[in-house]
Amino acid sequence: MTPDVIDELHRRGLIALSTDEEALRAHLAEGPVTYYCGFDPTAPSLHVGHLIQFMVLRELQRAGHQPIVLVGGATGLIGDPRESAERQLNDRDTVAGWVDRIRRRVAPFLDLPAAERGLPAPIYVDNLDWTQPLSAIDFLRDLGKHFRVNRMLAKEAVSVRLNSDAGISYTEFSYQILQANDYRELFTRHSCTLQSGGSDQWGNITAGVDLVRRTNGTSVHALATPLITTADGKKIGKTEGVSVWLDPELTSSYAFFQYWLNLDDIDARTWLPLFSERPAEEVAALIAESEERPASRAAQRALAEELTLLVHGPEELAQAEAAGRALFGRAELADLGAGTLDAALREAGAQELTGPTPSVAQLLQLSGLVSSLSEARRTVKEGGAYLNNERVTDAEAVPAESDWLPGGWLVLRRGRRTVAGVHRLGPTAG
């Protein structure tokens with residue numbers, strides 16, 4: 001028997017909040033429902049934190065429901081209020097470019113299941129299409145009259161900003177009305193009756209539910225995913241303060257794979273049900289293995305493989321796996337393509353080199369693997385230094401021309417897991 005989609009979303013931990021859940025279950029059971037999730041183009045790409053929304057979109061799509069993906073060309077020009085400070089407004093051409101770029105990048109997440117398994121094909125919309133023609137009079141009379149300022153002020157981000165020195169502009173304050181209107185428009189245009197999003201958007205989401213009820217006299221539904229943070233409270237998708245993007249031009253497939261592979265054990269076990277579409281018993285087995293044998297990194301590897309395949313495809317997954325094996329001495333470096341090697345080493349840590357090639361000891365120091373030449377020599381003497389995965393025995397040896405890999409790279413390693421690259425900008429000399 002096919003499990004109820006709400007039960008499956010609960011099983012995976014994907015529902016933190018919902019409107020009347022029993023009414024939603026009954027609504028979904030009546031037949032195909034049109035549902036949507038919106039994403040604002042406040043950067044050129046979505047990041048890994050947004051993947052949680054696609055897990056919900058895909059789960060509902062597998063249950064036979066009709067997905068709508070909204071990329072907010074209008075709301076992206078305004079920006080949802082943050083607690084910290086006013087957002088910097090991006091120009092129209094920039095936002096329009098980001099809308100197109102994000103849409104193209106995320107399309108395979110829902111398009112491929114639709115094509116391969118006969119599931120409902122996604123509908124892509126841009127809220128600029130109905131927001132731009134809206135006059136100021138229409139905005140105030142037809143939309144603004146349905147919103148109570150006291151409720152809008154109660155939103156946490158708005159409340160914090162009101163009590164700060166920065167305050168809040170009317171531009172950002174009005175964001176909630178624009179997002180709520182998206183639900184009304186999608187209800188009118190596509191009979192959309194369910195919105196999903198992050199729990200930090202719950203106030204905006206329920207404002208849309210309320211607006212549809214007030215203007216159309218219809219009850220619609222909403223659910224929200226939990227906020228995902230690491231065990232030590234950091235935001236998901238941040239590594240050393242840098243976002244892990246879904247766009248390969250911003251985060252390589254190798255770096256993306258390594259992000260998941262290097263998760264803390266607690267995070268990996270907690271996040272596996274959220275992000276893995278494997279059967280429940282397989283997820284449970286991976287978690288059990290991770291608990292019993294943490295060194296296996298079973299949960300991390302499962303996430304790395306599954307999500308890299310989803311975001312980057314099978315060829316890039318193969319290259320990311322091959323790069324990891326090669327950099328750490330489990331496969332031939334020569335088997336890597338120049339582009340993969342370049343991306344992997346720049347992610348691992350790379351130094352540029354001009355002029356004559358230094359000794360191995362000097363290269364170890366240049367790359368940051370050791371802090372001094374004496375430490376470099378000691379590392380070599382102890383057998384812990386590697387050049388292109390070959391153990392180095394002479395700290396003063398100078399790499400030969402034949403040691404340089406495609407693209408002008410040397411791979412240096414200290415011990416089993418600390419890797420860096422040296423990139424040649426010009427010809428070397430001995």
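Start by selecting the charged side chains of this predicted model: the mean positions of the 43 positive and 58 negative charges of the protein chain are 2 Å apart. Here Lys and Arg count as positive and Asp and Glu as negative, with His and the chain ends not counted; each charge is placed at NZ of Lys, CZ of Arg, CG of Asp or CD of Glu.

A few ground rules before moving on. Residues are numbered from 1 along each chain as its sequence is written, and side-chain values use heavy atoms, leaving out hydrogens and water. Local features need pLDDT of at least 70 and side-chain atom pairs count only at pLDDT 80 or more, while totals for chains, interfaces and linings use all residues.

**The whole chain**

Zoom out to the C-alpha trace, which spans about 80 × 55 × 40 Å along its principal axes. In cartoon view you will find 20 helices and 13 strands, taken as DSSP runs (H or I, at least four residues, for helices; E, at least two, for strands) and numbered from the N terminus. Of the 430 residues, 52% count as buried, meaning under 20% relative accessible area with a 1.4 Å probe, protein chains only. Among contacts (heavy atoms within 4.5 Å) between residues at least 6 apart in sequence, 72% join residues at least 24 apart.

**First stop: the six-stranded sheet**

Colour the open sheet β1-β6-β5-β2-β3-β4, whose 6 strands show mixed pairing; two strands pair if DSSP finds at least two bridges between them. At its edges sit β1 (17-18) and β4 (123-125), each pairing on one side only. Now select residues 34-39 and 66-71: these are β2 and β3, parallel partners over 6 bridges. Within that pair, C37 has V69 of β3 as its bridge partner.

Next, bring in two helices. Helix α2 (residues 21-29) lies across β1, β5 (192-198) and β6 (221-225), at about 110° to β6. Helix α3 (residues 51-62) lies across β2, β3, β5 and β6, at about 165° to β2. For these angles, axes are lines fitted to C-alpha atoms, for helices over the stretch in contact, and values run from 0 to 180 degrees between N-to-C directions.

**Second stop: the five-stranded sheet**

Move to the open sheet β9-β13-β12-β10-β11, also with mixed pairing among its 5 strands. Its edge strands are β9 (350-353) and β11 (390-391), each pairing on one side only.

Select 418-424 for β13, which pairs with β9 in the parallel sense over 4 bridges. Here E352 has H423 as bridge partner, and Q351 has V422. On β13, 6 of its 7 residues are buried.

Which strand runs antiparallel to β13? That is β12, joined to β13 by 6 bridges. Look for W409 opposite H423 and R414 opposite T418. The two strands form a hairpin with 3 residues between them, and G415 in the turn has a positive phi of about 70°. Because 5 of its 6 residues are buried, β12 is largely enclosed by the rest of the structure.

Finish at β10 (residues 385-387), which pairs with β12 in the antiparallel sense over 3 bridges. Y386 and its bridge partner R413 in β12 mark the spot.

Conventions:
Buried < 20%, exposed > 50% of the residue type's maximum accessible area, 1.4 Å probe, protein only.
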